[in-house]
Amino acid sequence: MLDGWVPWPEAAAERYRAEGYWAGRPLDRLLRDRAGSDPGRIALVDADGGRWTYAELDERADRTAAGLRRLGIGAGDRVVVQLPNTDVFVVLFFALLRAGAVPVLTLPAHRESELVHVAETAGATALAVPDLLDGHDHRALARAVRKAVPSVEHVLVAGDPAEFTALADVDADPVPLPAPDPGDVAVLLLSGGTTGKPKLIPRTHDDYTYNVRASAEVCGFDESTVYLVVLPTAHNFALACPGLLGTLMAGGTVVLSPTPSPEDAFALIEREKVTVTAVVPPIALLWLDAVEWEDADLSSLALLQVGGSKLGAEPAARVEPALGCALQQVFGMAEGLLNYTRLDDPGELVTGTQGRPLSPADEIRVVDEDGHDVLPGETGELLTRGPYTLRGYYRAPEHNARTFTDDGYYRTGDLVRVLPSGHLVVEGRAKDQINRGGDKISAEELENHLLAHPAVHDAAVVGMPDETMGERTCAYLVPRAQPAPTQRELAAFLTDRGVAAYKLPDRVEVVDAFPRTSVGKIDKKALGRRIAERLRAEAGHGT
Ligand code: OOB
């Protein structure tokens, strides 16, 4: 068993098994089962038109698993995976599960700062990267990670490996491999983070398989489903809600889009007759406009899932008329709990709420600042526990002590209210995080990077409202001396430190001092109001 993670208490685990939520099967079986029942059906299609049947995908996963074992990568090893939306990701994901290793999923946008931290925390023994992606050399990134994290013995590269191992060469005749314990950790996901560094989320075979199965049921996935992966495959939404795993479990076809751009995505929807896909609100907004000028045939599309940040009621109402498909709102988190609007919900619930919990075994509470339940319908912080919600982050005991209640509820940091129907409306956030169109930025993490700049005396990062992204990032700075660093200088500084591009501040405001609360803390609410007012004034409607 992997150490450093927090399992469910035995009584809860008993119940989830007895009531059939946990089926006691390893996660990779969803592919094996379909390869058995529908070997010749197309499982996976890539942007270039490459096609793999269930049997082919299954065999490639077996061969890669055997190749991994030959390299010495096996039971319990953590392998940091940073790959774009290609067949190589899908094969490696299943191969790692079969080899008994634990994939640690990172986004293609992550850079040295994030990867080093993740590899270190995970105690990773291997790292898988592409050679080049969007002009960035990920082998150079891998070199930096290896230097900083000596436990990383192997670097596996999709494409030209330079001095490392080509993933194409991780191949051997299949060997029988022991099945992992379904109660053990299958995969480590990355949290959006509210503290200095991103946290790792352990998801077990039992819990993640249930997450996928229940999601596929609620979303009506079956053999006729053609799912387009638009978001990064490493994101929980695209991977498992129901995502690519749910599609494969249901016997459908997964189509991989290299980017979420309307050009790429619409062309694939038309070519492959895609029936369902999942996007974040800024992409949904872009697509709603793009149908005006792109003349692709989107008539196959039956369902658009939107989640990751809040979709406004107005754009929500435009989805069906503009795209000719149904909308489903998804309010989920890599930590577990998923809320979906249901396919047969009345229109006003679909456009006006963020869905209701996936599972009858999901327990939710809405509490005030003192942790007391609010009255029904009032807004408070959402707490949750259940058969697919973590009980603790990986190797983070101190953070866990703050983030979970004594009886195991996860404090989501989301402010919600619950309608009589059980649907949730997300009203805001109690956590110190910026949600930049679905990309999560920990204010503290970014502040720590800014504080490392020699000309920065103090830094406070807040969200500022933005029509497309929901919010963007504003960094308030108190400089050590004038002239204060500019936004451009700070962006170069942060990039140089290996910070992912989506975390760079969209705006920098220089001040002499920060407003303080009565106990002397930086008053971020006041800063948030200040930048919102300034934006309104600049737009010409304000003070
Ligand atoms: C998804 O997962 P994460 O881990 O990137 O972010 C989770 C957080 C939530 O706690 C909430 O603050 C926000 O993202 N969020 C939403 C939302 N969906 C997520 N806020 C408002 N409305 C929504 N619909 O973002 C994620 C994981 C699985 C499925 C969908 C999204």
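Modeller: Not counting residues up to four places away in sequence, Asp264 touches Ser257, Pro258 and Thr259, where contact means heavy atoms within 4.5 Å. The model is predicted, so local features need pLDDT of at least 70 and side-chain atom pairs pLDDT 80 or more, while totals for chains, interfaces and linings use all residues. Numbering starts from 1 along each chain as its sequence is written, and side-chain values use heavy atoms, without hydrogens or water.

With Thr259, the Asp264 side chain makes a side-chain polar contact at 2.5 Å (a pair of N or O atoms within 3.5 Å; within protein, one must be able to donate a hydrogen and the other to accept it, and residues adjacent in sequence count only if both atoms are side-chain atoms). Asp264 sits in helix 10, residues 262-272 (a DSSP run of H or I, at least four residues; strands are runs of E, at least two; both are numbered from the N terminus). Its C-alpha is 9.4 Å from that of Val230, 34 residues away in sequence. Asp264 has a relative accessible area of 28%, so it counts as partly exposed, between buried (under 20%) and exposed (over 50%), with a 1.4 Å probe and protein chains only.

As for the ligand, one of its nitrogen atoms is 2.8 Å from a polar backbone atom of Val330, and one of its oxygen atoms lies 2.9 Å from a backbone N or O atom of Ala334. Strand 16 gives the most to the shell around the ligand, with four residues.
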